Amino acid sequence: MPVVVNVPGTENIKCSCCESWLEHWKKHSKVEPGKCRICRNADAEVGGHVKRFINDRGQMFIVPLCQKCNSRKEQVDSFLVAQEDFIYTGACFEDLTDISDTDDADTEFCDG
Ligand SMILES: [Zn+2]
Ligand SMILES: [Zn+2]
């Protein structure tokens, strides 16, 4: 699973075609957000911006987080997210960017 860290200060960044980042996440993951991926306790209410901890290529991704975890100003410790929980911020414009990175060394698949 990819190791990611929270990216602070992203409140003003919006997906130009989705109402919110949580909507963006739902649109591309096609499942319900479920629990916050950091505390795994509260329901996920927002789509939080994260980046890869390993192999960071300046791309940002969305994972479902609770309001509390997302509003932390500092970077939280790195955390693991499942591959399917990890939606590229540019997914709505995927055809405009080459993001052919499905062969990442830090990615593994398991049906847990
Ligand atoms: Zn979108
Ligand atoms: Zn949380």
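Which residue in β5 does F61 stand opposite? I started my notes there and found that F61 stands opposite Y88 in β5. I'm keeping in mind that this is a predicted model.

**Entry: the strand itself.** Next I looked up β3, which covers residues 61-65. I noted it as mostly covered, with five of its five residues buried. Then I checked which way they point. F61, V63 and L65 go one way from the strand, while I62 and P64 go the other way, and all are buried.

**Entry: the partners.** I followed β3 to the strands beside it. Strand β2 (residues 46-52) is joined to β3 by five bridges, and the two run antiparallel. Here I found G47 opposite P64 of β3. On to β5, residues 87-88: two bridges join it to β3, again antiparallel. That is where the F61 and Y88 pair belongs.

**Entry: the core.** I then looked up the largest nonpolar core, which has 15 residues. Which of them touch the most other members? I wrote down C36, F61, I62, V63, L65, C66 and C69. The elements giving two or more residues to this core are α1 (21-29), β2 and β3. The largest share, four residues, comes from β3. A general reminder to myself: in soluble globular proteins, nonpolar side chains tend to be buried together.

**Entry: V63 up close.** Last, I picked V63 and asked what it is in contact with, leaving aside neighbours within four places in sequence. My list reads V4, R37, G48, V50, V81, D85 and F86.

Terms used. Residues are numbered from 1 along each chain as its sequence is written. Chains are lettered from A and ligands numbered from 1 in the order in which they are written. This is a predicted model: local features need pLDDT of at least 70, side-chain atom pairs count only at pLDDT 80 or more; totals for chains, interfaces and linings use all residues. A residue is buried if 20 or more other C-beta atoms lie within 10 Å of its own, exposed if 12 or fewer, and partly exposed in between; C-beta atoms are placed from the backbone. Two strands pair if DSSP finds at least two bridges between them. A nonpolar core is a set of buried Ala, Val, Leu, Ile, Met, Phe, Trp, Tyr and Cys residues joined through C-beta atoms within 7 Å. Two residues are in contact if their C-beta atoms, placed from the backbone, lie within 7 Å.
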